[in-house]
Amino acid sequence: NESPLLATCLLLVAALNLEVSANGLVNEEVKRTVDLSTHLAKITAEIVLSNQGHSAVQSFILAVEEDLTPHLAYIGASVKGDEEEDGTLELQQTTIPGQSGHFYKVQLPSSLAAGAQLKAKVEMTFSHVLRPFPTHVTQAERQLVVFQGNHYLYSPYPTRSQTTRVRLASKTVESYTKLGNPSKNDEIIEYGPFRDVAPFSEDTMKIHYENNTPFLTISSITRTIEVSHWGNIAVEETIDLRHTGAVLKGPFSRYDYQRQSDSGISSVKSFKTILPASAQDVYYRDEIGNISTSHLQVLDDSVEVEVRPRFPLFGGWKTHYIIGYNLPSYEYLYTLGDQYALKMRLVDHVYDDQVIDFLTVKIILPEGARNIHVDTPYKIDRMPNQLHYTYLDTFGRPVLVATKNNLVEHHIQDVVVHYNFNKILMLQEPLLVVGAFYILFFTVIIYVRLDFAITKDPAAEVRMKVASITEQVLTLVNKRLGLYRHMDEVVNRYKQSRDTGALNSGRKTLEADHRALTNEISSLQARLKAEGSDLADKVSDVQKLDGQVKELVCRSCQEAERLVAGKVKKEAYIESEKTLTGKRQELVSRIDSLLDAL
Amino acid sequence: MKQPGWQSLLSFSILFLACLAGFSSRLFAVIRFESIIHEFDPWFNYRSTHHLTTNGFYEFLNWFDERAWYPLGRIVGGTVYPGLMVTAGLIHYVLNLLHITVHIRDVCVFLAPVFSGLTAISTFLLTRELWNQGAGLLAACFIAIVPGYISRSVAGSFDNEGIAIFALQFTYYLWVKSVKTGSVFWTIGCCLSYFYMVSAWGGYVFIINLIPLHVFVLLLMQRYSRRVYIAYSTFYIVGLVLSMQIPFVGFQPIRTSEHMAAAGVFALLQAYAFLQYLKDRLTRQEFQTLFFLGVSLAAGMVFLTVIYLTYTGLYVRLLTCYAKIHIPIIASVSEHQPTTWVSFFFDLHILVCTFPAGLWFCIKNINDERVFVALYAISAVYFAGVMVRLMLTLTPVVCMLSAVAFSSVFEHYMGDDTKREKPPEKAEEGLGPNIKSIVTMLMLMLLMMFAVHCTWVTSNAYSSPSVVLASYNHDGTRNILDDFREAYYWLRQNTDEHARVMSWWDYGYQIAGMANRTTLVDNNTWNNSHIALVGKAMSSNESAAYQIMRSLDVDYVLIIFGGVIGYSGDDINKFLWMVRIAEGEHPKDIRESDYFTPQGEFRVDKAGSPTLLNCLMYKMSYYRFGEMQVRRGALTPPGFDRTRNAEIGNKDIKFKHLEEAFTSEHWLVRIYKVKKLDNREPLDHKLRSVVPKQKYTSKKVPLMLGGEFALQVWRDSFRFS
């Protein structure tokens, strides 16, 4: 009498089967690999999917167990075509009523005809699913972790045949569930094959094993990308790092750590960060300065930084640092007229198998960028734009801010930011500098040239007046000396041409000019006297000397006349001329020395 | 007379180059290491500047720092000279207002070099007032590179002295200017500059004593004039009022003895001026001169006593020299030791020889302002002889007077070609051109050697951040020992935010600045008994120390240990000072003699005194060091201390109440965690049987046990009942 009940049960199950795989999809063969060799759980499943329904199918559904959904960092599916070209498929989250867990609808590139088969590959990465057990270890102990998962592939479709291979970090295994008598070979445990597994089957797989790989977690990272149109892109990452493995219990002994190689085996001494090949001016620092324990290696296709925190990171310890570098913008910034496109990694490599709990990306565009539009490779939360002010900014640079939780290496993908920028604006900053300097120099010129004193300094004024008068005297005296030289020329010409008229007229102009200049100088002399300057005496000396010079000039003039008239012999003339010029030279030099003293 | 354009251009460019040389020769540390704050005090200044820039000026003035001097705290706003922080904060504010986004750390690091450029300018101005332009330029060049000043103003040395020397020189310049002109304008400028000096450095007392001294000496020399009267009366009143605006100074200028000389001279000057006034009006000449003589003698006596009081006061209060006989804490600082001749030469080189010549030139052609510089020189020499640290106040005046000496010699010997031609008959006072060129060459050689020496000293002696150590391998490559920051950063990241760290006071500012943790004592050594308590904890045995540490809520203990790498400035080498300071306050518990061997030696090896070998500091320094073989392959036994060149005496060190929390890579910094009380098992087990009985014989058990033990029993009974 139990058989009807059993029958109904079977029927029910069959009905359920029918219901969920209404489109007739069946997992023919599933090869599942659970990779637990790092601190992540990477589950890949190669599924041979066959359509046993009556109509072609456009999509199929992937499922994630309820327990694991909060830890799901990445899920992706691809189809293995014959031409070995892995096509990554688009996923869309859906729900299935009455079933727990998360479901993703995978759109197939081409419809799967009835009776046809398809090879799909599903990749999922879970973070923080390996729980350290015991949670606290001493420095000498090794780190044991527990993984709790599912023996079967969680799927809305019935599975014909399935194997599960678990890859561990070490040979040492404390315990593992023994469903279907699995075989263990070094680091690998093989489950299955399981035949005819019902849809939504769950059976807890629990593995407790030793895992000393670095349990590093980036609890938060802020990545700032600052674009300059002067040819530089500055990238800065502020990173909070934490060791999320088993917490260190008791003392930390440096002696043991230095002397015994397996002491603190689960601790992290250093890791490698791979930067883009064109990265320059790399810096690695924190609040209190450079972290001097790092090394930089420039390779052909990348720049490797050996990031060594100031202290080794044991379980539960954390650190914080900033790493930054410059990139040439021509590799990442594309332009067409006024339109620009920045193509950069939204998040970059920090260490292998990285886990980022919280990411903030800030992209600082140049001042004046408009029509900003962002294409992200996956969904991220955009925050309201901010403004950033730095060197010579006036109205601020737009900053795009975006955040996302739970990221792994698969999220290292490019983001594209499109915007418009008027190239004229590039000149704004140099012009600002030029303008500032212009104003500075102009003010200095104004200040030096104009008198801003509110009181008058009579002494200084007199000094300035005297200075201007002496200046005038100087020019006048020089002019007067010039007259004599001119007269000499007239006399010389006369000696050749014997034109008395020219000589007389020359003499007259000399007389007239000389009188005018002398009068002017004496009036200046009077003014100097009025100002009370002792320079007036010197000027009067000059005047006296000048009178003598004038006399000499006249004498030489008369001598020349007498020569022309034949009243003196040539030799005698030359003789007298010599003495005259000698005397004149002396007088002129005395005048000059007086003038110098003025 | 107006200078020709080329001459002012030349002066300008020489001055500019001097500033540039001064700035760039201070950058050795930044180029070799990084832009980082040096030493100890600058870390506090940096921390307060950071507080100022993040929280604003009023918040800074009211800042009560609960992270220092736990559990007392420190009113920072009222116990600092805020000039330095305000200057850096203001520069940072202005730059950020112009959207020049400079980090406050970089402002702080480069502040001292920038101000040394300004010092060169103010020294130029002062020397120009005293002598001439040429001497001014020489003085600017000297002060730009002289090691005595560089020692306090390299990039990263963010300390009061860096800006104070500029303020000092500028105040003196304005003072000389106001004595020369007798104009209130210059005097007010002088007061403002004095105000800045007061806000920046405790050394302002030097100004407020030197200026009255100058006035007094002018009076004695019968050089009284209306200009001096105007300048000093204005300076004293305005300067007094301004200086009282600084919270840390407060009413000191009218209360303390070191300010009394200024007041005395002020009164004297008023009396003198009044008598001068009367002299013009009164006719009874003889009576008046008698009166005048009597009064000035009396006033002079008063002033001399005041001066006497002042300088003894200076000793005690500011320059802290007298105190070292009484307070070991001041004597324990190396920069408070008397200066040796070597360090005079080291810091000033040739200038120390030439500056008396300059002084002689000044005295030979004396006038009002040269009286001032002579007094400046004499007092500064005296103070510099008393304490190494005050070399700093001597340096500027040495530069100025040496510049005067060099300038006069060059003027005399280099001669102007045009000048020589003019009186060709005079035969140049018997100096042939050969002698001239030889003397000039020699002088230039001296100057060249001076420049070389300055660069060498700056590069080798004064350009180490001391936070980061560097060692050089045989092939010239450099190893950076970054242990201090390693440990401080570990504290910052991996301890509770309110954890209290006990360390010797030297490291207080650094722990507060770099680790951002609460400290018990720091470099602001205002509370001697608190420091003595820490010293007592370090020099007691573990259980006694544990009592003290419990009562002070200590979570971590940080010590510096140089035995692995041979770093001599570690805590074991400072240990005797801790013992002495502790003994000063707790003579019953700590005796210095206990830490010496019977032969009176301080030894860490087997022959060392058992008190030393079991005290907390010793145990923390050498915990597990006994297993360590320092020089690999060499003959040294395990536990060989490289600093003291001895094999340690106590290799079996176990802790009951502490555990090692962190040790830096080269063991330079060791941090221990103080365990909570719960870990005391032996007592607990014994008492478990006692507890039920306790209910009936409640008071007798404590009486039988007595003292400290009774208290614990009493406490435990609470826990279990």
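**View 1. The contact between chain A and chain B.** In this predicted model, 30 residues from chain A and 30 residues from chain B make up the contact. The area buried between the two chains is about 2900 Å², and carbon and sulfur atoms give 47% of that area. Of the area that chain A buries against chain B, 24% is supplied by Arg254(A), Tyr255(A) and Ile288(A), which is more than any other three residues supply.

**View 2. Polar contacts and the side of chain A that touches chain B.** Between chain A and chain B, 22 residue pairs are in polar contact, counting pairs with both residues at pLDDT 80 or more. On the side of chain A that touches chain B, the elements giving two or more residues are α2 (254-259), β21 (280-286), β22 (289-290) and β25 (318-328) of chain A. The most is given by α2(A), with five residues. By residue class, this side of chain A divides into nine nonpolar, 11 polar and 10 charged residues.

**View 3. Salt bridges across the interface.** Side chains of opposite charge can pair when their charged atoms come close. Across the interface of chain A and chain B, five salt bridges are found. The side chains of Glu287(A) and Arg492(B) meet in a salt bridge, with an N to O distance of 3.6 Å. A network of salt bridges links Asp286(A) and Arg310(A) with Glu34(B), Asp482(B) and Arg485(B).

**View 4. The pair Arg142(A) and Glu210(A).** Over all chains, a search of the whole structure finds 45 salt bridges. In chain A, the side chains of Arg142(A) and Glu210(A) meet in a salt bridge at 2.9 Å, N to O. This pair links distant parts of the chain, 68 residues apart, with Arg142(A) in the loop between β10 (136-137) and β11 (144-150) of chain A and Glu210(A) in strand β16 (residues 204-210) of chain A. Arg142(A) counts as partly exposed because its relative accessibility is 35%, whereas Glu210(A) is buried, with a relative accessible area of 9%.

**View 5. The pair Arg227(B) and Asp368(B).** In chain B, a salt bridge joins the side chains of Arg227(B) and Asp368(B), at 3.8 Å from N to O. Distant parts of the chain are linked here, 141 residues apart: Arg227(B) lies in helix α12 (residues 226-243) of chain B, and Asp368(B) in helix α19 (residues 368-386) of chain B. Arg227(B) is partly exposed, with a relative accessible area of 31%, whereas Asp368(B) is buried, with a relative accessible area of 7%.

**View 6. The pair Arg644(B) and Asp570(B).** Arg644(B) forms a salt bridge with Asp570(B), and their closest N and O atoms are 2.9 Å apart. Again the pair links distant parts of the chain, 74 residues apart, with Arg644(B) in the loop between β8 (640-641) and β9 (646-647) of chain B and Asp570(B) in the loop between β7 (556-560) and α27 (571-585) of chain B. Both Arg644(B) and Asp570(B) are buried.

**View 7. Helix α20 of chain B.** Helix α20 (residues 391-414) of chain B has 24 residues and reaches 32 Å from its first C-alpha to its last, which is close to the 34 Å expected at 1.5 Å a residue. This helix, α20(B), is mostly covered, with 20 of its 24 residues buried.

Notes
Residues numbered from 1 in each chain as written. Chains lettered and ligands numbered in written order. Predicted model: local features only at pLDDT ≥ 70, side-chain atom pairs only at ≥ 80, totals over all residues. Heavy atoms only, no water. Helix = DSSP H or I, 4+ residues; strand = E, 2+ residues; numbered from the N terminus. Expected span 1.5 Å × (residues − 1). Buried < 20%, exposed > 50% of the residue type's maximum accessible area, 1.4 Å probe, protein only. Contact = heavy atoms within 4.5 Å. Buried area = accessible area lost by both parts, 1.4 Å probe. Salt bridge = Lys/Arg side-chain N within 4 Å of Asp/Glu carboxyl O. Polar contact = N/O pair within 3.5 Å; in protein donor to acceptor, adjacent residues only side chain to side chain. Nonpolar A, V, L, I, M, F, W, Y, C, P; charged D, E, K, R; others polar.
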